[in-house]
Structures are given as C-alpha cells and as structure tokens.
Amino acid sequence: MKRQIMGTSEASGCSLMSCLLVMYAVVAAVGEFHFSGEFIIEGNSTLRVNLEQLKNLNLIDSANNKIGTIEEAEQAAECQIIGDETTCWCESEYIWAKAVFEDHESCRNKLKCVANVSHYTPLCNPKVSIQLEGTMTKHSDTSKIWNADLNTSLANVFNKMNGFESLITTVDTSGLKADFAVNLTALFNTSTLNELIESLSLYPVYASTKVETTGLVEMSSPSGKIPYEKEEVELTCNLNIDDPMSSCSWFILKTSINETSAIGNGTQVEVGSWCSNVTRLLLRKPKGLWRGVYTCKFTEGSVSHKATGEELEIDLLPDKITMTSDLSTADCTAGSSTPVAVKVKCAIPRPTTPVNYTVTFNTTDGNKELMDKVDPAEKTDEIWYIKPTTISCADKKKQSQTMTCLFENSSKQNKKQDLNIPILQAVDRFCEPDLPWQKTKAGEKAIMECPVGRVGYRIRPCNVAGEWQSVLDYCVNEVINKLSSAVENFQTGLDATPEIAMGIFSGLKNNSASGTNMSLGDITATINILDGMKNASSAVTLHDDSMMNDFIDSASNILSTEWTDDNTITQDLSTNYLQAVEGLVTNMKVNQSDGHNSSNVQFQVCRNNDGCNRTIFGVEMALTTTAQAKVVALKNLSNKLPNRFSKTESASIVVSATLENTSDHMTNITLIFPFNKTTAHPGYKIKCVFWHTNQSEWSDKGCVWTEAEENIVCECSHLTSFSSLISKEEVDHPFLDMITYIGLGISICSLLVFLFIEWLVWSAIVKSNLSLYRHTSLANIAVSLLLANCCFLASAFPEKLGKLTCFVLVLAKHFFFMAMFFWMLCLSLMLLHQLIFVFSPLRKRVFMILSFTVGYGSPTVVVGVSYVYYDVLGKEPGNSYHNPETCWLRYEGLMKGSLHAFLFPVGVITLMNLISMVVVIITLMRPKVSEGKTDDKETLRSIIKAIVFLTPVFGGTWLLAVVSFTINEKTTLKVMLDYAFTIVNSLQGFLILVTGCLGEKRVREEVLRYILGSRSTKSESRQNLTTSIKK
C-alpha cells in the first residue's frame, strides 16, 4: 500500500540558503500492515541526516494522530534552493516520478533537473528493471535497406519514455526484419507504449511492430516436485500496473526439446476467464505432458507484458503402457510339465525428460523381478522394458496366466498394466499355425506388431470353433498417428488454438486423400481425430472457412473406401463418424463461405432469410427458418449405419441440418428423394427416418412420407407419446399420439368432474371410517393423476421447452406419478387389512398419518434420491437424471438409467396391489356360514365386478407397460400391448370416475338428489312425521 507521508525535522543545512531531503521509508502502521512512502526533511543550513536516527521515529498526521513508526529509511532525492532557482536530483537507485517526467521536459532522462519540482509527491520512485523486446517487419520489400539510421530512429522514439537507458538493434540479412531490445528503469502505461509503437509504422521506419516486456508481471507457482496426477495445481500472474488488458494467454516451454506450446481450455487445464491485472492457470491432475517452464502474457494492442517462472517439475509416470508378448498362446498340449518360454515387453512413450522408473514384473504365481530397460533403434518414440519368463504347464486345468508390469517413480507412486496369456491345454480347441500367425487358442485373438513405418497392431481372431477369422489391420500411418497425438493434446488444452486446429485438418486432408489405401487402423484413427476435434471445438472457437473446407474434404475421403467386413465394427465406426461430423458442423463457424462440396460430402450454408431451400446430391431440402442454417449431405454412409428395420434398403444419402444463433428449434424439414418405381421391389414400403442420436439408430418417429410421380417426399417433426414414459425407445406406431392426447383430454375432464362430485357429496358419503379411508385415497389418487397428466401434456413438445422448464416438468411428472401409485398402495393395504383383521378395525388417526406419509413422503424420497444419485453424485458418468430430448427419465440399458427409479416402484406396488386383489377374490369365493351354499353365477358376477372396479384404482393397467418393456423386438404382441396400454392408461381418469365414483350407489343417489332437487322442506317434514307415527 502506497501513502504520502510529510513531516519536518530540525537539522543542520547544506551550506546553502535552503535544502530539502526527500526520504523513502518503510513504515509499520498502527494496524497490522506495512506501507512505503515519502517524507521531506527541510533545513536552511547544512543538513546531515543520520538514517539510523530516523528508525523508530513516530509519524503523526495533522490531527496529532499517530500514523505509524519508521522501520527503514533511505534518501530518495535532494533539492537545492538558491534564490528563486531550484535544482533537484534523484539518488542513484531512484528515478523521476511519472508526473515530473511528463510535466517537465527539462527533467526527462537527466540526472539533475533545474526546475521547481520539490512539491511533487512522489518526486522520485525506486528504479525497476524492465526489458522491452520487439520485432519490426517492413511494410514493403521495395528496398532492403532501412530508411535512415534505424538505431537513431528507435532511440528518438524510446527516449520519450521515462527511465530509458539503452537500446540494441539487430537487422536480419534480408533487411526486412529487425529485432531490438530496450532497457527501462521506470514503470509506464501500456497506452503510452502503444502510441509510440504506432508511430513506428510511419516515416522514417515504415514497419509493423510487436513488443514484449518483462519486469512488470510477477508469477507465483508451486515449488518442488509435484506428484503425478495431483488433484489441482494453480499458477497465478499479477500485472504491477493498473492498465486494462484485452487478453491473457499462457505458454509452456518443454526444455528437453526446446519447444513452446500455447495453452487453452481443455480436459486437463482451465485458463481463467477473468483477464485484467490477474490471470490464473489451473492444471487438473497434471501428467508428464505439463512438465515445463510456464509463461503468462497480458496483451493490449501491440504490447504484451509477460513473466516466466521456474520449471514446473512433475514426478513422472508413463501416461500409456503397452504390454505384449512374443506368444499369443502358451502351448501346453504336449502333455509334459515343461514350462513354456515367453518374452514379455512393456513399451512406454519416450519421456521428454530423462526419468528413471523402477519397473518390476509380477505374475499370478507370485514372482516379482526387475525388468530390463531397452532403447530400441527401430522405435525411436518408445522405451521398452523386457523380461524373459516361463509359463508353467503343471496345472492341466489352468486356462490363462496373468502378468503385470509395474512402474514406480521417486514419490513411490505406481502405475501398472496387465497382460493375460491364454494357456492351450490338450483338450482345448485351437487354430492351426498359419504363418506368420502362431497357434492360437479358440475364442482368443492373435496379435502381431506392425511393420516399420506404421504404429499399432494387427489382430486375427480365432473363433470358438477353432477357425481363423479375417485379419483386422489396426496399423496406423505414422503421420496420422502424430495427428492423433496432436488431437489428444488439443483436447487436454495443450496447443489448443485455432492455428493448430487448422494444421490438424490440413494434415488430415492430405493424409486421407488416398482413401482407397487406408487400413482399418487409419480409418479408425481418422474418425477418432474428427471425434476428438468435435469434443474440443466446444471449448475452442473454430471459425476459418479454409479449415471448414479441409474438414469436409477429410470427412469425404474416409467414405471413399470399404472399411471392414465385420458389420459390428463398421456400425460402431459409422455411428461415431456421423456424430463427429454433425458435431463439427454444428460447432465450427463459417465467415463468408456459402458451403463446400466434395465427392462424398456436400456442405451448404443458408444465411438469415425466410427459408432454406437447397439441392444436395439430388435431394431437395426445404426448411422454413429465419436463422442461419447449415446443411450437410453424406454419400456412402447410410449402408454402414445400424438399421433396425429388417428387410429394408437404405437410401444412399444422409442429410443433416442445424440452426445457429437462435433459440427456436427446428420443427419441420421436408426432403424430396428421387425414386424410380420400375427398379423397386413389388409391394414395396417406404419409411422416412431420422437418426436418433441417443439410441444410435434410425427412427421413423414423427416422420411421414408421400409418394409423387418420381419422388419420395419426407416430412419430419419429432413428438413424444404417452408410452415413452416407460418405453426403452420412443414408440412410433400410427395414431398413437392422437389416441394419447384425446384420451388424456377425456381423462383430465373426468378427473375434474370426479373431484367436484367428491367435494359435493363428501359429508353425505363418509359416514363410516371405511368410507372415509376409501374416498380419501381416491381423492388423492385423482389429484396426483390430474397433475401428472397436465405435466405430461405440458412436456409433449420437448424441443420447444427450455432446459429448466423441461427439468421441472420431469421432476413433477416423476413425483405425481409416484404419488398416485403410493396412494393406490395405501388403498389396497387398507382393504387388505379390513379383510384379514376383521375384528381389529384401523383407527382413523393411524390411517391418516400413515397414508399421507406414504402417499407423499415416499415419492419425495424416491425423486430426491434419484436426482442426487444421477446429477449430484454422478454415480453413472454420462447418464444424467433426465433426458432433455424427451423430457422424461433416461434409459441407457438394463439396470442403467434413471427410468429404473420409476419402473421398480411401479412394479413392486402393482404386484402388491394384485396380491390384495387376489385376497378379495378368494374372500368372495368363500361362502358365508349363514348363507350355506351360494350361487356360482352370483359369485362369478361378484368377482368380475371386483376386478373391474379395483383394476383402475390399483394400477393394474400399468402391467401392460411392464410386459411391453420386457419385450425387446418389435413383434405383433409388443405393438398390441403398446396400443392397449396407451388406450387404457390415457383414459385412466375416466375409468376412476366411472368405477370409483359413479359406480358407488350412495354417490349416485346423492348426485341424483342434488340434480333433481327432491329434498324440499315439505317432503322432509312429512317423512319425519310419518317416521314418528310408525315408531
């Protein structure tokens, strides 16, 4: 903290009329902090100040309040006053303050100043060491000789800066570029330096200039060696001048290879978004990639202020361990107990700095030995650790041997890799040797290294029948492998800049151009590169038209060759490819480009207008929108994608459209495909489909088609249906949505009528505890179902809802449906208690407390725990509590997804309610002792009546959904169940009105009395009189 301190002291003067001594002091304030400042000692005769005597001197303000005590002091300046003339000078370690320098030209960069400046506060500041390093590039190469004397020109410019001391200039041999270094001893404003640099672009220099300064920024960083993958490491830079800066950037120098890389946001690093006088860099679980010397920069205009810290040391462990052996299978078929010799190799990427690991080799037999380090000449980017060993054949039942290589660093941290070597026994099937492939156990894979110049491995599976399968060549071109490494770094945040991204796409385009010669490994690596850049582009803005063109060409090259005969691998690759391409098209920005066409991919841009109409690969597309739209069409892809519609052929074109800079969602898109009827199969059927990203499959949900003379017209809009609540996928049967919404409308109206009738006749029908229990449960069931249905309708169009609205509706639906089921459980348990414990009636207070606790407390627990489990704790990474695309719970597979937090309670409660219903039926079938033998027809009628009346209020109709959920294939039975469930459940409110209200005689009588108005005062009097006479 800086403060100006003024004070006087009697002392002898300097043989002159007057003398001023300006002292610079460190003061201990009255509080707990220290500050520095100036004070002046004035005298009329010779001044001889003993600095030691100033220590511990108390300073007071104008009100005689103690400010603090001087701890250290030194002379900063001295002024001599002779008559009206004042001469001042700063001491050797001080320099004129900014105001003095700017106001008095006679003082600029001079030791003594003949001017009345003694009143300036501060007068002199401590010198600082600041270096300016700049590069100048001439605007024109018409002459290789700098105009005038460059050194003189620059000196004239920088001499205008306070504290200018020296200048060194170096011009390169071309005469078009020059470097200079300036030393300053005073602080300055960035704007001042920018103005001076701007003047360099004018006569006589005619050059553009960039300048970096050191000495104005302080960096704080951890000291000592940092453990591998430590949770978080933070570096901070502070700018010591109060200037606004437009950008902050970070860089890392790998000292071992003398290579500097820019740092951006990524999976392992976060660059603070705040950039003014402070910038922060946060490393998450840093690995060896982040070992180096860090530099931060504050930039404004042509000036950057930077600081470089000490090398950040990380106690390394290998980021990747590849463990292989010279045998795919240990052959113990000879029948002897002779061990099988095998050589195990653990390969790691060559560290950028020398590091000594302790590498041990372990087996499941308990052996533990050190491995031998090898520096292979044929693999300059790897270090190997070798261990010859044996596998015992003594145990004739042993199926495999697991081996482990363990790397340990100086901090005793370790990392391991396992290798499982199958053991071939005499009774096992195997694939015969087929050079260069060795004998391999059935059900296992033989693995071979790649030839020189390629990276990866080749695999040849041996199926369970002991037959060789096709070779899977995962060997990758070295250039593509380097691009893969660059993308991995880019994702982490290292070299995550648009310039590096441009180089990646350019390299990918050039090395995938020979598409027909690409191996499966090349194709896989290329798709992974696209996928990695898709992920990274969400954090780093990519907005170059030429970069987009290179990306389109690269994506097209991959589709120019066959991938593999393995359908599973092809489908996985094509799914990843489509998601990567769609993601990059969405994330990458275009400037002036209207699109780019390649042999297999066409990309078109629709600017802001009233519509988007394009023809791509012969397919006409129409989209009504005022936002910017990007459309991409892909050829030779659809036949590679998974197709769940059996006995169908895919169109050759896949079309994708995205909207930019708008909150509106695409609701309808029309596609017109050319179609030749003469080549079609007799009785053909057509499906218009869209790619369901979450399910990774085609879906015809919300898509309809019409047939023209020579075209197929597809129109798609994506809606939800009631059955999607508990379906593993969106149900897409015809008319299902119409049935759902009509049924829900009827159900909501019926529930409102039911609740009105209950309110109207409540006091007349709840004369007994049993009736009170029943109608309380029915009323709460109706309220819960009413609110759940309203929430369902509100979320019928998820694409039109905001994220928060969708989330709230999911919570509400989950809660109210659960509340409905738990109130159903209360009703069934109450009925079961009455039937079993006839002589122990349920007390009113007990029922009310238990029923409301179970009815609303249990749903709260279920919903709360589900949300915390999936969203707060993240117990299933990648699976959130709800799916924004459907505004409902997620289903990600068996026992995966929050949908199970709905299914399990529904299944358990429905099962318990069915047990209660069975008890009711058994009770009806048992004749009363007083009645003797009962009529079978009457008993049957009673049973049917019980089933009809109890099924809606016991949730029995939901069994249809549970059964449908267990059927994976789209069979006729599943379709019938989907329709049946949709019909009965969308009308559940109507069924509750009929069975729970109008089906009860006492309720009907009370309703009729209100309708007919039959209870007049006169009739009541007569009835009472008649009753009295009869008595």
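Two strands pair if DSSP finds at least two bridges between them. I kept that rule at hand while reading this predicted model.

**Ground rules.** I number residues from 1 along each chain as its sequence is written. In this predicted model, local features need pLDDT of at least 70, side-chain atom pairs count only at pLDDT 80 or more, and totals for chains, interfaces and linings use all residues.

**Confidence.** I looked up pLDDT, the predictor's confidence in each residue, from 0 to 100. The protein averages 79, and 80% of the residues score at least 70. Residues 1–16 stay under 50, and so do residues 718–731.

**Sheet.** I then turned to the strands (DSSP E runs of at least two residues, numbered from the N terminus; helices are H or I runs of at least four). Five strands form an open sheet with mixed pairing, in the order S23-S30-S29-S25-S26. I found S23 (330–331) and S26 (368–370) at the edges, each pairing on one side only. S23 runs parallel to S30 (residues 414–424), with two bridges between them. I traced Asp331 to its bridge partner in S30, Leu424.

**Helices.** Next I checked H6 (residues 498–511) against H8 (residues 545–558). They pack at about 35 degrees, with axes 8 Å apart. Axes are lines fitted to C-alpha atoms over the stretch in contact, and angles run from 0 to 180 degrees between N-to-C directions. I listed the residues in contact (heavy atoms within 4.5 Å). Among them are Phe505 and Leu508 of H6 and Met547 and Phe551 of H8.

Notes:
Heavy atoms only, no water.
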